[in-house]
Amino acid sequence: MTPTDTMSARELYQRLLTYVKPYWPVFIIAIVAMLIFAATETGLAAIMKPLMDGSFVERDSDTIKWIPLGLIALFLVRGVANFITSYGLGWIARNVIKNLRSEMFDRLISLPASFYDQSTPGQLMSKLLYDVEQVANATTDAILTLIRDTLTILGLLAWMIYLNGTLSLIILMTVPIIALLVYKISTRFRRISKTIQESMGSVSHISSEIIEGHREVKTFGSQQYEIKRFDKVNQQNRRQRMKMVATDAISQPIIQLITVLGLSVVIYLATLPEMLEQISAGSFISFVTAMFMILTPLKRLTKINGKLQRGIAAAQSIFALLDEKAEQDDGTQTLDRARGEISYQHVNFSYDSKKGAVLKDISFHANPGQTIAFVGHSGSGKTTLVSLLARFYPCSSGQIQIDGIDINALSLTNLREQISLVNQQVVLFNDTIANNIAYGQKAHVSNDEIIAAAKAAHAWDFIERLPDGLATQVGQNGVLLSGGQRQRLAIARALLRDAPILILDEATSSLDTEAERHIQAALEALMKQRTTLVIAHRLSTIEKADQIIVMHNGEIIEAGTHTELLNKGEHYAELYRLQFQDK
Ligand SMILES: Nc1ncnc2c1ncn2[C@@H]1O[C@H](COP(=O)(O)OP(=O)(O)O)[C@@H](O)[C@H]1O
Ligand SMILES: [Mg+2]
């Protein structure tokens, strides 16, 4: 359980309130407008008394004249007050939504890799899109009802008491019963809301998966499987929603019934002969009008609890994200440009301490400009090993140094500035080719530099042939380009970044031999004068490496040059025979 789960409703409100605080002047204006609105409601009930007594009973011509004008004035004031309230609260809500979203976005960007390993894009998107709106709507509605409707009810009640105390007392007696009901309903709402949110997350999670993986769905013929999977969460979402609808639907008639019971008693009592003497026709009509007018805000008051509970559930989900710990970054040292000496010293690592070590006692050393190649079966820990250098995950024990400095002592930004990373999985952004090559450094890079990088990466040939050249849009995640083209863009990006340390993680494994030959030259350009950690399939890269490290089950089982290891005739020689011989 995260601390946010145990947060009480009161703490949540207080925390939400801090987002509203900056807008307090507008909030005060809105409250004043709500007060005026409530007063006009009471005025409407009150005007019934002179209307009945003056015009119909006593036929007083003065009263008859001002009542229509009074009504118009009342509704004019009421309308203006209503506008100011809605506009003011809406303005505050949109600002709060905007601020919450940017805070969530800032948090998302600063969260560690391990957080993303554990959450799905669907869940996170649903927080950012759905939960934030939910919080703002619920809070606005709640404030509107709690303040305006409560004031209206109080105003009308005061008027009723002024007209006749005894009758009002009878009405008031139904209030505790209603309050108890509201309490019961609201706890139920809060419980259901949470499950609704989770099922919304599943709905968006599954849909986004089939949208992103539509090719896999088609080729594997898994349409029926996905439809079934979606049906399940869709159904679950409906079921939860229906619980909400049922609670909502049943609560209102019950509350109304109780109110009408009170009302009937009032009418019965008011029409008793001794009462009729005390109360004028106008007073009675005015009293009953007020009573009916109380019903609407009272109904909203009971309903608002559902909304409020939905808001609380959404706020919990938002604050849970905001309370996630950002990537640890307490290094203070900086390197201008590293020479590129890398040393791993007895590094141990596990993703999850319960699941055991993924890297065991890893030690090696790379001098500036050297190339170290990693080979080993898939799952032996190669990717994990190189990702520790960029501090995507912290070492469990041991130390990694760049130029003799512990990487934890470097600031995260500075450390990562020293590293270029080219993965098997190239990520392109839905933007132009130029912006993709210059990703992250658009501000200080000229067009000529971009072209030079593209040329060195052997990407210029194909870019030149595109109708819009560098300005071509690559589509979401570069779907409009071939694997080899994407790979060359990634290399151009790394070249332009010009970092002293280069990590190539199976950068060419998704390519065919022809495309790979193209890229090989590009890669060699990239590796020049840089310390390179390369996880490669291609023999030529490995052969030329200054050192080859053979990994098995998270351990280094052999290290040396190509010739040394071949002569030794053990693990590498075996791997070489199996994997590389016939390529
Ligand atoms: N993000 C992750 N969370 C948990 N376990 C992981 C993660 N990434 C990899 N692993 C596990 O760590 C081990 C090493 O994986 P990896 O470093 O990707 O190996 P390689 O790159 O050599 O194929 C594997 O057992 C894999 O299942
Ligand atoms: Mg790997």
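Modeller: Happy to! Sorted by class, the shell around ligand 1 holds two nonpolar, seven polar and two charged residues. Here Ala, Val, Leu, Ile, Met, Phe, Trp, Tyr, Cys and Pro count as nonpolar, Asp, Glu, Lys and Arg as charged, and the others, Gly among them, as polar. This is a predicted model, in which local features need pLDDT of at least 70 and side-chain atom pairs count only at pLDDT 80 or more, while totals for chains, interfaces and linings use all residues. Residues are numbered from 1 along each chain as its sequence is written, and chains are lettered from A and ligands numbered from 1 in the order in which they are written.

The shell consists of Asp117, Tyr351, Val358, Gly376, Ser378, Gly379, Ser380, Gly381, Lys382, Thr383 and Thr384; a residue is near the ligand if its C-beta atom, placed from the backbone, lies within 6 Å of it. Helix 12 (residues 382-387) supplies the largest share, three residues. Helices (H or I, at least four residues) and strands (E, at least two) are DSSP runs numbered from the N terminus.

Four strands form an open sheet in the order 2-1-4-5, with antiparallel pairing; two strands pair if DSSP finds at least two bridges between them. Strand 2 (359-366) and strand 5 (405-406) each have a single partner strand, so one side of each is left without a neighbour in the sheet. Inside this sheet, strand 1 (residues 342-349) and strand 4 (residues 397-402) run antiparallel and are joined by five bridges, and Ser343 has Gln401 of strand 4 as its bridge partner.

A second open sheet, with mixed pairing, has six strands in the order 6-7-8-3-9-10. Its edge strands, strand 6 (419-422) and strand 10 (555-560), pair on one side only. The twist averages 20° from one strand to the next; axes are lines fitted to C-alpha atoms, for helices over the stretch in contact, and angles run from 0 to 180 degrees between N-to-C directions. Strand 6 and strand 7 (residues 501-505) run parallel, joined by four bridges, with Val422 bridged to Leu504 in strand 7. Helix 17 (residues 483-497) packs on this sheet and touches both strand 6 and strand 7, its direction making about 175° with that of strand 6.

Elsewhere, helix 1 (residues 9-20) packs against helix 11 (residues 281-322) at about 70°, with axes 10 Å apart. Their contact involves Ala9, Leu12, Arg15 and Leu16 of helix 1 and Ile312, Ala315, Gln316 and Phe319 of helix 11 (contact means C-beta atoms, placed from the backbone, within 7 Å).

Zooming out, the chain has 21 helices and 10 strands, and its C-alpha trace spans about 120 × 50 × 50 Å along its principal axes.

Methods: Contact = placed C-beta atoms within 7 Å.
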